[in-house]
Amino acid sequence: MGALGKGTQGLSHTSTQHTILSSLSTWQETIEYSNDQTFRDAMKTGHPRFLLHRSVQKLAEICREKFGFDGERCLLLPTQRTAEDGKKFIHALALRFGKPSEVRVVHFRIGPHGDATSSPETDQPVQPGLYSPATAEIYIIFFRAATNNVARQFWQNCGLGISSRYAEHCLSLLGVPGFPYLDKSESLHTCGNPLPGVNGSAFGSQGESDLGSSTGSDAKVALRQRIASLFVRDESSIALSNISEDDVFLFPSGMSAMWNAHQLLMAARPLEKSVIFGFSYLDTLKVIERSGPGAVFYGHGRESDIDNLDNMLARRQAENPSSPPILALYTECPSNPRLHTVNMPRLRALADKYNFVIVIDETVGTFTNVDVLPYADIVITSLSKFISGHADVLGGSLVINPRMPYYSQLKSHLQSRYEDTYFDPDAIVMERNSRDFLERMRIANSNAEYLCDFLRARSMEGGAPSEGIRGHAIKQVYYPKFVSRDNYEICRRRRPTGDPDTAPGGYGALFSLTFTSMRASEAFFDALKVTKGPGVGMMFTSSCPYTILCHSLQLEWAAQYWVDATLVRVSVGTENREVLRKAIETALKAAEI
């Protein structure tokens with residue numbers, strides 16, 4: 001089994017011990033990964049929310065030996081609050097699935113002369129997020145072995161667990177052989193290497209100096225400033241916004257940003273069900289459904305669904321005029337994996353009419369391509385993907401829109417409960433990686449549009465002639481240029497007035513294909529010579545059979561929302577476009593036989 005799984009593709013792209021990639025190089029390996037826990041356990045690396053990093057596993061073993069009872073398993077969290085959140089989540093889900101629901105928390109404080117335990121109620125905690133070379137602390141959630149699969153859903157859905165770098169820091173302090181603390185040559189010097197021929201800093205022309213990332217606080221300030229700058233709009237725009245770095249909050253993963261957004265809204269607003277509008281990322285749906293009052297799911301995201309939503313809101317408001325009919329509406333721009341964009345102006349009009357909050361995940365669209373501020377109260381981004389581009393660190397951001405009516409209320413609540421749990425060395429790596437984000441996206445946007453134009457011409461939907469082709473293989477190309485384009489164009493970032501040198505937003509670097517048969521889909525995927533696995537947003541191209549990977553036990557459910565079992569998702573990188581097209585052509589030949 002290769003370092004990234006059974007397959008070996010992708011090894012040349014990232015050799016760091018903190019990779020967030022797994023390699024599933026064939027259709028069959030993907031099926032085994034989705035359905036076989038033994039297969040997953042044998043993998044060496046993968047996305048840290050799905051496969052526990054080996055360093056985290058090692059630290060968990062030590063914690064079980066020190067504090068665990070017979071038959072217990074554990075998860076490691078960075079703060080008392082995240083541990084209490086985990087305890088409540090696991091207890092409730094265990095009861096729901098008929099598993100043992102006993103959960104306990106142990107506080108493990110590691111000092112320069114060994115280690116000690118203490119009670120969370122009596123001991124002064126180390127400030128979370130900040131790296132101290134001499135101390136560390138973790139909160140250990142213990143539960144029965146029979147509850148392990150349930151507990152792992154908290155780790156996966158909410159993204160609150162400690163990072164691999166933090167685990168290695170703890171192991172180093174404990175004197176575990178083979179675990180010296182972070183290799184500074186990795187975290188401070190080699191991350192975020194510029195592309196060949198590309199200025200390493202995307203903001204160099206604006207005078208940004210090389211911070212050197214000497215401290216985590218420097219890196220976090222730089223990240224927040226960078227994200228805020230990406231929201232700057234054309235001054236001629238009616239919807240001009242003034243996002244500042246104080247409106248940007250960082251989290252250790254995209255899902256932890258989503259989790260915290262939901263916790264914020266439940267604390268700050270009247271408690272009601274939420275709405276998931278459009279086919280969203282699976283873990284987003286699970287977080288909203290499993291925490292709080294639950295969710296109403298409009299998986300298609302059609303115009304008729306907005307009509308139905310309006311009717312539902314009117315009915316609920318009539319039943320209880322004193323409270324907003326829903327807590328919030330969550331959507332994506334565009335969605336993953338269908339690349340569908342919903343009608344944002346209509347949804348915003350409903351939010352204003354019925355007094356609820358809109359949360360938009362723009363991870364797939366990215367700051368450089370879409371501008372969702374006219375429609376969103378809160379913007380969520382998984383920085384782990386396109387912003388990082390190097391697949392060696394997780395991160396997430398939450399931005400509160402100062403132009404929306406609940407800005408002051410939401411920001412005040414978030415500031416009062418915000419914990420900086422983003423480990424400094426992780427932030428340093430993310431800041432370094434993000435410097436060439438704009439240039440990477442420019443190249444990836446161009447590559448993806450070029451490939452999608454080629455693929456659509458070979459698809460049934462694109463009207464490809466059957467004559468001269470051995471057999472149609474592609475049914476449809478899901479890409480914002482071809483799917484709900486009018487809605488996407490509304491959100492697409494415009495070229496600033498009077499600035500002909502600045503390119504407008506593109507259509508993104510992610511697309512999906514559906515095929516005329518499972519055989520054709522499998523043949524295409526197996527023959528496609530790019531990195532294989534669920535990763536998105538890297539500077540190199542990757543692909544996965546998304547529905548088989550994420551919904552293997554829900555194929556009929558996914559199909560009713562047009563997420564076909566044949567769907568193959570492709571995240572396009574910065575390679576030479578002709579090399580990528582040849583790889584696509586070779587895979588198509590295999591699929592068209």
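Arg226 and Glu431 form a salt bridge in this predicted model, with their closest N and O atoms 3.2 Å apart. Arg226 belongs to helix α8 and Glu431 to helix α14 (residues 424-433), so the pair ties together parts that lie 205 residues apart in sequence. Across the whole structure, a search finds 28 salt bridges.

- Ser229, located in helix α8 (residues 216-229), is partly exposed at a relative accessible area of 30%.
- The side chain of Ser229 reaches the backbone oxygen of Arg226 at 2.7 Å.
- Ser229 and Ile243 are separated by 14 residues in sequence and by 7.7 Å between their C-alpha atoms.

**Further salt bridges**
- Glu303 pairs with Arg346 in a salt bridge whose closest N and O atoms are 2.9 Å apart. This pair links distant parts of the chain, with Glu303 in helix α11 (residues 303-319) and Arg346 in helix α12, 43 residues apart.
- Glu303 is partly exposed at 35% relative accessibility, as is Arg346 at 28%.
- Arg302 forms a salt bridge with Asp305, the closest N and O atoms being 3.2 Å apart; Arg302 is partly exposed at 32%, whereas Asp305 is buried at 5%.
- Lys220, Asp420 and Asp424 are joined in a network of salt bridges.

**A buried arginine without a salt bridge**
- Arg338 occupies the loop between β8 (328-332) and α12 (344-354).
- Arg338 is buried but has no salt bridge, and the nearest side chain of opposite charge, Asp305, is 8.4 Å away.
- Residues touched by Arg338 include His300, Tyr478, Tyr561 and Trp562.

Methods: Residues numbered from 1 in each chain as written. Predicted model: local features only at pLDDT ≥ 70, side-chain atom pairs only at ≥ 80, totals over all residues. Heavy atoms only, no water. Helix = DSSP H or I, 4+ residues; strand = E, 2+ residues; numbered from the N terminus. Buried < 20%, exposed > 50% of the residue type's maximum accessible area, 1.4 Å probe, protein only. Lys, Arg positive; Asp, Glu negative; His and termini not counted. Salt bridge = Lys/Arg side-chain N within 4 Å of Asp/Glu carboxyl O. Contact = heavy atoms within 4.5 Å. Polar contact = N/O pair within 3.5 Å; in protein donor to acceptor, adjacent residues only side chain to side chain. Lists of a residue's contacts leave out its neighbours within four places in sequence.
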